[in-house]
Amino acid sequence: MGSPIVVMGVSGSGKSTVGAALAQRLRVPFADADDFHPQANIAKMTAGHPLNDEDRHPWLEALGDWLAEHDAGGVMSCSALKRKYRDQLRRHNPNVSFLHLTGSLEVIGRRQASRPGHFMPAALLASQFETLEPLDSDEAGIVIDVDQSIDSIIETYMARAANPTTEQDR
């Protein structure tokens, strides 16, 4: 597994936790895309306003630069909700693959409610679900449900990445 992996999904899906655990398991660097947001984006989200594509563009460019620098391997957590965002990341590194953490609005809402102090208010969760464009069949990635332990998610990912069985498992 020598190319970078983006752990994607809506806020509260466990991207950062799973991403850090996966990076540790693979012994590669980890980056949380939230750490790349300019202050203006954080202020906008904290005020309860979703980011628009103009807000996201320079942020995605910075993420793409990190992915390009970690072509030999790295894990990044990033919402990557739209295909065009993932395409922007792939322009920096065409070898990037995605681990899409999925779950119902109810399950993710419960998870998000247990995260006090995070800058993404729970009220924006519905807008994230509306924005989410699941991986297309031509995108390298694996989709895993989040309603299980972190260890189970990592084990499932490792097994499916080692033995791809579907278009999405590549």
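Predicted model: local features only at pLDDT ≥ 70, side-chain atom pairs only at ≥ 80, totals over all residues.

## Ser13 and its surroundings

Reader: Which backbone oxygen does the side chain of Ser13 reach, and at what distance?

Author: The side chain of Ser13 reaches the backbone oxygen of Val10. A polar contact is a pair of N or O atoms within 3.5 Å; within protein, one must be able to donate a hydrogen and the other to accept it, and residues adjacent in sequence count only if both atoms are side-chain atoms.

Reader: Is Ser13 buried or exposed?

Author: Ser13 is found in the loop between strand 1 and helix 1; helices (H or I, at least four residues) and strands (E, at least two) are DSSP runs, numbered from the N terminus. Contact means heavy atoms within 4.5 Å, and Ser13 touches Leu101, Ile108, Arg111 and Val146, not counting residues up to four places away in sequence. Buried means under 20% relative accessible area, exposed over 50%, and partly exposed in between (1.4 Å probe, protein chains only). Because its relative accessibility is 0%, Ser13 counts as buried.

## Sheet and helices

Reader: What is the strand order of the open sheet?

Author: The protein chain has seven helices and five strands, and follows the pattern β-α-β-α-α-β-α-β-α-α-β-α along the sequence. Strands of a sheet pair through backbone hydrogen bonds, either parallel or antiparallel. Two strands pair if DSSP finds at least two bridges between them. In this open sheet of five strands the pairing is parallel, and the order is 2-3-1-4-5.

Reader: Which strands are the edge strands of the sheet?

Author: The open sheet has the order 2-3-1-4-5. An edge strand here pairs on one side only, and this applies to strand 2 (30-32) and strand 5.

Reader: In strand 5, which residue is the bridge partner of Leu99?

Author: Strand 1 pairs with strand 3 (residues 75-77) over three bridges and with strand 4 over four bridges, where Val6 stands opposite Phe98. Strand 4, five of whose six residues are buried, pairs with strand 5 in the parallel sense over five bridges. The bridge partner of Leu99 in strand 5 is Ile142.

Reader: At about what angle does helix 7 run to strand 5?

Author: Axes are lines fitted to C-alpha atoms, for helices over the stretch in contact, and angles run from 0 to 180 degrees between N-to-C directions. Helix 1 lies across strand 1, strand 2, strand 3 and strand 4, at about 155 degrees to strand 1. Helix 7 lies across strand 1, strand 4 and strand 5, and its angle to strand 5 is about 150 degrees.

## Cores and the helix pair

Reader: Which residues touch the most other members of the largest nonpolar core?

Author: A nonpolar core is a set of buried Ala, Val, Leu, Ile, Met, Phe, Trp, Tyr and Cys residues joined through side-chain atoms within 4.5 Å. In the largest one, of 21 residues, the members touching the most others are Leu22, Leu99 and Tyr157.

Reader: At what distance does a polar contact join the side chains of Asp65 and His92?

Author: The axes of helix 3 (residues 53-69) and helix 4 (residues 83-92) come within 8 Å and cross at roughly 35 degrees. Asp65 lies in helix 3 and, because its relative accessibility is 39%, counts as partly exposed. The C-alpha atoms of Asp65 and Leu89 are separated by 8.4 Å. The polar contact between the side chains of Asp65 and His92 is 3.3 Å.

Reader: What separation do the C-alpha atoms of Leu81 and Thr131 have?

Author: Leu81 has its place in the loop between strand 3 and helix 4 and, because its relative accessibility is 2%, counts as buried. Leaving aside neighbours within four places in sequence, Leu81 is in contact with residues including Gly9, Val10 and Thr131. Leu81 and Thr131 are 50 residues apart along the chain, and their C-alpha separation is 6.4 Å.

Technical notes. Residues numbered from 1 in each chain as written. Heavy atoms only, no water.
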